[in-house]
Amino acid sequence: MHRPSAQEFLLTLLDTLDELPPDLARRFAELLKTEHVDRPAAIRQLFEDIAGD
Amino acid sequence: MHAFRGVPTEMTVDFGKGESTVIYGENGTGKSTIADALEWYFRGEIELLSHEGRQHAVRHVGGDGEGATSVEVLTSGALGGKVLFPDERTPDTFEALRRETFLLRGRTLADFINKSKTEKWKALVEILGLDEIESLREDLQRVRNDLRKASKTAEEEVRVYRRALSSGGDTVSEETVLTNLRQICELLGVEPPQSLNQVAEPSWITSAVGASASVSSSSGRENLAAEIGALKAPDFSKSVFDGWNALVVSDRARQLPRASLVREAKRLFETEAIEAGRCPVCGQKVDQKALARKIESALAEVMEASRDLERFRDPILEQADGLESAYDLRDAIYERVLALDLDIPSVPTRSDTRIHDQVSALAPVDVNAITAFLSEVRRWDKSAAKLAKQISAPEPSERDNQLMMLAALCQQIRAWQQAETKNARAKRAVTLAERVFDAYQQKQKDDLGELLEQISGRVAKFYSALHPGEDLDAVSIEPWTAKGIELAIDFYGSRQRPPHGVLSESHLNSLAIAVFLAMAASFNERLGFLILDDVINSFDVEHRGRLAELLADGFSDWQLIVLTHDQQFFEHLSRRAPSWRKIEFTSWSHASGPRTTKYETSGTLAAARERLDSGDVQGAATKARRALEELLQEVCEALWAPLPFRRGQANDRREIGELFIGLRRTLKERAKVQLQSIEPIFKHLEADVGATLNVAAHASRGRSGASEVKAALERIETLDALWSCPDCRTRVWHKGTPEAARCRCGKSAFPPVAVG
């Protein structure tokens with residue numbers, strides 16, 4: 001049984017969603033590659049940045 | 001296994017090459033040590049011993065301390081190896097195997113099905129490796145919630161501004177605000193803005209108001225009063241003026257008018273533009289060197305006087321400028337006071353123009369005139385200050401109020417627009433976060449649903465195999481709330497979730513076994529074996545048979561290791577799966593550990609020989625005695641030696657002397673000639689048991705010599721060889737019955753043909 005990583009799981013999902021901001025998947029991939037002390041804060045910042053773009 | 005759990009020295013279990021094995025043994029015969037060894041090896045711990053204060057029991061408790069505790073596993077793949085106690089492996093070692101299911105024990109059989117729905121969910125999340133995915137879901141959820149809160153705050157802020165701008169309403173449009181603003185501007189005679197964006201610039205209000213009417217009288221009075229209040233007497237330093245005056249009347253200063261003449265003389269002299277030896281002024285003959293010295297001397301005096309002059313000139317001119325500014329400022333105030341129809345004395349006559357003239361003429365300055373002017377200025381300032389106090393600030397005019405309201409409105413509009421922008425951005429962020437989170441959670445749910453469906457199919461299949469034809473159907477594992485799963489079953493037409501209320505203990509245990517098998521079948525990737533340790537305790541004969549069939553038929557591709565103390569189940573499984581290996585544990589003793597029906601005579605003899613060769617005489621004696629016991633028990637069993645009946649494990653603990661008696665009796669009846677030839681060996685061996693191989697006696701009487709042990713060992717080997725075929729190396733009772741037994745090749749038999 002294939003057990004996908006969280007990153008793989010999310011990126012597969014984002015591929016299936018329509019009309020997302022064009023950079024979202026790439027920026028999420030970069031974010032998840034980095035080890036964050038506070039990942040929720042980094043994700044929130046990502047959403048806010050994209051909302052402000 | 002070495003010095004591990006119930007094994008004091010060493011035990012090897014041969015599982016063949018992937019064949020399944022059924023292991024039978026009564027309670028306390030040490031069969032679970034096998035499950036413990038595999039659990040310890042593949043999990044890094046034994047669950048039963050994982051609690052505080054039990055870990056030491058991994059090592060055989062109270063054993064002879066022979067060597068380190070270890071478990072070695074040989075596999076067809078890459079998972080084999082040897083582990084020593086204490087276990088130094090880190091949790092990373094088990095990361096890949098953490099999600100594999102391989103061990104089900106009777107005592108923990110119902111652990112999974114008895115978990116709460118949340119605990120089941122967590123267990124499944126770990127098995128499925130969803131913990132990382134679940135952790136990201138939790139982070140996304142937290143972000144969504146935080147953004148919702150932020151959006152709500154931004155919305156509330158916007159609402160406050162909207163209410164303010166719409167006089168209490170919740171909605172306000174840019175058009176309405178702009179219209180209102182334009183009306184106010186028109187009332188005030190201010191150029192109205194073209195758009196709200198224009199108002200957003202803070203400079204707009206300044207320029208718009210500044211370009212309109214002049215400042216009102218009230219503002220003028222306040223400013224005037226403030227300006228009068230800030231009046232300060234100009235700086236005056238009398239010493240500077242005294243210094244200047246002293247200089248300009250000194251002899252040195254009288255040199256200054258000659259400065260240009262002396263400089264010109266020097267220039268002419270240096271450029272040799274004058275006739276040598278003659279005065280450039282009168283043409284008389286002069287000493288050229290004396291002339292040069294005179295010019296240099298005069299120039300030095302002039303330069304020194306000039307430097308003194310400069311030292312005083314600048315400060316005096318600065319003070320003159322200060323006096324001029326002081327006069328101008330007061331004069332302007334004077335004019336504004338008059339414009340307000342108020343009375344104030346004239347500003348004192350300024351004296352600074354005379355200062356500039358005197359300085360230009362290198363003449364003394366009238367210090368008394370300046371001090372008199374300053375005295376008059378101070379007096380004028382006092383009069384002005386009194387007047388300033390009299391100027392009472394009247395109430396702001398209506399226009400002032402309207403202008404202030406306009407400024408406040410503009411500020412409010414700017415804040416509202418910023419809040420709207422912030423709110424819109426927060427909403428976009430929330431929408432995005434919600435969309436990603438909802439889709440993430442849905443996918444997680446869908447994926448899990450598919451997996452549960454797959455597992456449920458297997459659980460139902462295995463459960464039906466155990467309970468065919470019963471009115472219990474549609475067993476499944478179902479999602480229950482966002483983070484829970486539960487077992488469910490149809491019970492006479494009603495859905496029961498969880499099924500504990502309607503299933504008997506044995507049915508629940510069947511369900512637990514079905515779930516265990518389904519999990520392993522669904523998720524195991526690296527481990528191809530399953531261990532079931534005493535799992536049928538609550539099953540009746542019929543259901544034991546069904547489980548045996550399920551394991552034998554449904555898991556023929558797996559390597560199963562089934563441990564049981566149930567004779568019927570063992571026999572049923574042995575019949576149903578004739579290809580399975582069988583191991584029967586017969587007894588366990590603290591000193592020797594578990595014993596099985598498989599005799600270890602050859603192995604024990606080899607171990608004794610090995611110890612003797614390595615110089616361990618005592619160890620060799622111990623092993624030799626053990627080998628003799630093993631041999632006598634094997635022969636007695638094979639030849640049906642008449643021994644007194646003993647129940648249970650007591651058979652394994654017969655004295656060697658008792659075994660000799662039984663064997664002699666058998667041989668006397670069925671192989672008398674052979675007995676006569678063997679009897680000398682028997683006698684020697686009986687003597688060995690009392691002395692050389694008497695381990696207990698060694699402690700008090702001194703140890704046996706190597707030669708004595710070697711001789712005893714050779715006698716045991718001789719006796720052992722009597723019962724094996726020299727050609728095929730199998731026992732003479734390999735085939736047939738004890739009445740007419742023979743080896744595999746048939747060349748050796750018992751009773752021996754020659755004897756018969």
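How do α1(A) and α2(A) lie relative to each other, roughly parallel or roughly antiparallel? The model is a predicted one, in which local features need pLDDT of at least 70 and side-chain atom pairs count only at pLDDT 80 or more, while totals for chains, interfaces and linings use all residues. Residues are numbered from 1 along each chain as its sequence is written, with chains lettered from A and ligands numbered from 1 in the order in which they are written.

Chain A comes first. It has three helices and zero strands, which read α-α-α along the sequence; helices here are DSSP runs of H or I with at least four residues, strands are E runs of at least two, and both are numbered from the N terminus. Helix α1 (residues 6–16) of chain A packs against helix α2 (residues 24–33) of chain A at about 175°, the axes being 10 Å apart. Axes are lines fitted to C-alpha atoms, for helices over the stretch in contact, and angles run from 0 to 180 degrees between N-to-C directions. Angles under 35 degrees count as roughly parallel, over 145 as roughly antiparallel, 65 to 115 as roughly perpendicular and the rest as oblique, so α1(A) and α2(A) come out roughly antiparallel to each other.

On the α1(A) side, the residues that meet α2(A) include Leu10(A), Leu11(A) and Leu14(A), and their partners include Phe28(A) and Leu32(A). Contact here means C-beta atoms, placed from the backbone, within 7 Å. This helix pairing involves nine nonpolar residues, one polar and one charged. The classes are simple: Ala, Val, Leu, Ile, Met, Phe, Trp, Tyr, Cys and Pro are nonpolar, Asp, Glu, Lys and Arg are charged, and the others, Gly among them, are polar.

Then there is the meeting of the two chains. Here 23 residues of chain B are in contact with 17 residues of chain A. On the chain B side, α3 (131–165), α14 (398–466) and α15 (505–523) each give two or more residues, and α3(B) provides the largest share, 10 residues. That side has 12 nonpolar, three polar and eight charged residues.

Note on methods: Contact = placed C-beta atoms within 7 Å.
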